[in-house]
Amino acid sequence: MTAAQWKVCSVCRKPIVFGQTYYACSVSTCSRKRTAFYYCSVACWDAHLPEARHREAWAEEKRAPAA
């Protein structure tokens with residue numbers, strides 16, 4: 001993890017830097033603090049759907065905190 005990196009994408013492992021837009025799953029079990037899934041793009045969020053088997057889900061656009 002570099003100094004400018006906040007988290008990494010849960011699918012592709014690309015860095016999510018401070019202040020960057022990222023995506024989170026709308027389902028409560030995916031957005032818990034303990035599981036904490038973060039996605040760098042909607043495509044990465046979409047990649048987790050087959051294994052998650054959600055009935056209704058969408059990607060919530062969020063912004064990483066400032067450094």
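Contact here means heavy atoms within 4.5 Å. This is a predicted model, where local features need pLDDT of at least 70, side-chain atom pairs count only at pLDDT 80 or more, and totals for chains, interfaces and linings use all residues. Residues are numbered from 1 along each chain as its sequence is written, and side-chain values use heavy atoms, with hydrogens and water left out.

**Close-up A. S26 and its partners.** Leaving aside neighbours within four places in sequence, S26 is in contact with E56, A57, W58 and E60. S26 sits in the loop between β3 and α1; helices (H or I, at least four residues) and strands (E, at least two) are DSSP runs, numbered from the N terminus. The side chain of S26 comes to 3.0 Å from the backbone nitrogen of W58.

**Close-up B. T21 in strand β3.** Strand β3 covers residues 21–25, and T21 is part of it. T21 is partly exposed, at 24% relative accessibility; buried means under 20% relative accessible area, exposed over 50%, and partly exposed in between (1.4 Å probe, protein chains only). Not counting residues up to four places away in sequence, T21 touches C40, E61, K62 and R63. With R63 there's also a side chain to side chain polar contact at 3.1 Å. For that term, think of a pair of N or O atoms within 3.5 Å; within protein, one must be able to donate a hydrogen and the other to accept it, and residues adjacent in sequence count only if both atoms are side-chain atoms. A66 is 45 residues from T21 along the chain, and their C-alpha atoms are 11 Å apart.

**Close-up C. Y22 and the largest nonpolar core.** This core has 15 residues, and W6, I16 and Y22 touch the most other members. The elements giving two or more residues to the core are β3 and α1 (42–47), and β3 gives the most, with four residues. A nonpolar core is a set of buried Ala, Val, Leu, Ile, Met, Phe, Trp, Tyr and Cys residues joined through side-chain atoms within 4.5 Å. Beyond four places in sequence, Y22 touches W6, I16, Y38, Y39, E60, E61, K62, R63 and A64.

**Close-up D. Cysteines without a disulfide.** The structure holds zero disulfides, a disulfide being a pair of cysteine sulfur atoms within 2.5 Å. For C9, the nearest cysteine sulfur is that of C12, 3.6 Å away. The sulfur of C44 is 3.7 Å from its closest cysteine sulfur, in C9, so that pair is too far apart for a bond. C9 is buried at 0% relative accessible area, and C44 is buried at 11%.
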